[in-house]
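Work through the exercises below with the sequence and the coordinates open. Each task is followed by a solution in steps.

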Amino acid sequence: MKILSEFVHLHNHSDYSLLDGASPIPRMVQRAAELGMPAVALTDHGSMFGAVEFYLEAKKADVKPIMGMEAYVTRGSRKDRTRDTAHHLVLLARNEEGFKNLMKLSSLAFLEGFYYKPRVDHELLAQHAGGLVALSACPKGEIAEDLLEDRDADALKTAMMYRDMFGAGNFYLEMQNHGLDPR
């Protein structure tokens, strides 16, 4: 049964996201194809380890692959090894420039920012924002965390920073139902 859909999943973890994703890439792509989705994104945590497999599987299934990563972002310096802070931010490549920037960010997160997790900071994101679309991510994102801690002004400031960093139309707030008390 093929259901034609214009809906596209943009925040997906495969089994390359240890302890967070259980879906093997071939199954994820196959399911998107079965549902008639024109595209699907892969946004594994902190890396692009599944990128080649994902690309090949998606092309084989005639589903457009959207390359991405759920980056770990520290509000301080990526080189600071005293605070184990890492917020989530989903990054998607819009074009070849964006794909190259994703690869650069993933590599630098391991080489320069690794502290419990491969991290980037706002400085690195700003340097490599070209060709990328960013999504605010889950409750571990900076904006969601600020809102959950009643720091609305900080959440707005961060959202505006990302809008300016990635450009108008290239930063989006994610809406997810995690069953949290809306107060």
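**Exercise 1.** With which residue does Asp146 form a salt bridge, and how far apart are the closest N and O atoms?

*Solution.* This is a predicted model, in which local features need pLDDT of at least 70 and side-chain atom pairs count only at pLDDT 80 or more, while totals for chains, interfaces and linings use all residues. Residues are numbered from 1 along each chain as its sequence is written, and side-chain values use heavy atoms, with hydrogens and water left out.

Step 1. Apply the criterion: a side-chain nitrogen of Lys or Arg within 4 Å of a carboxyl oxygen of Asp or Glu. The partner of Asp146 is Arg151, with the closest N and O atoms 2.3 Å apart.

Step 2. Check accessibility, where buried means under 20% relative accessible area, exposed over 50%, and partly exposed in between (1.4 Å probe, protein chains only). Asp146 is buried at 0%; Arg151 is partly exposed at 28%.

Step 3. Salt bridges with shared partners join Arg75, Glu142, Asp146, Glu149, Arg151 and Asp154 into one network.

**Exercise 2.** Which residues of helix 2 are buried, and which are exposed?

*Solution.* Step 1. Locate the helix; helices (H or I, at least four residues) and strands (E, at least two) are DSSP runs, numbered from the N terminus. Helix 2 spans residues 51-60, and its buried residues are Ala51, Phe54, Glu57 and Ala58.

Step 1. These residues lie on the same side of helix 2 because they cover an arc of only 135° around the axis, taken from the directions from the helix axis to the C-beta atoms.

Step 2. Val52, Leu56 and Lys60, on the other side of helix 2, are exposed.
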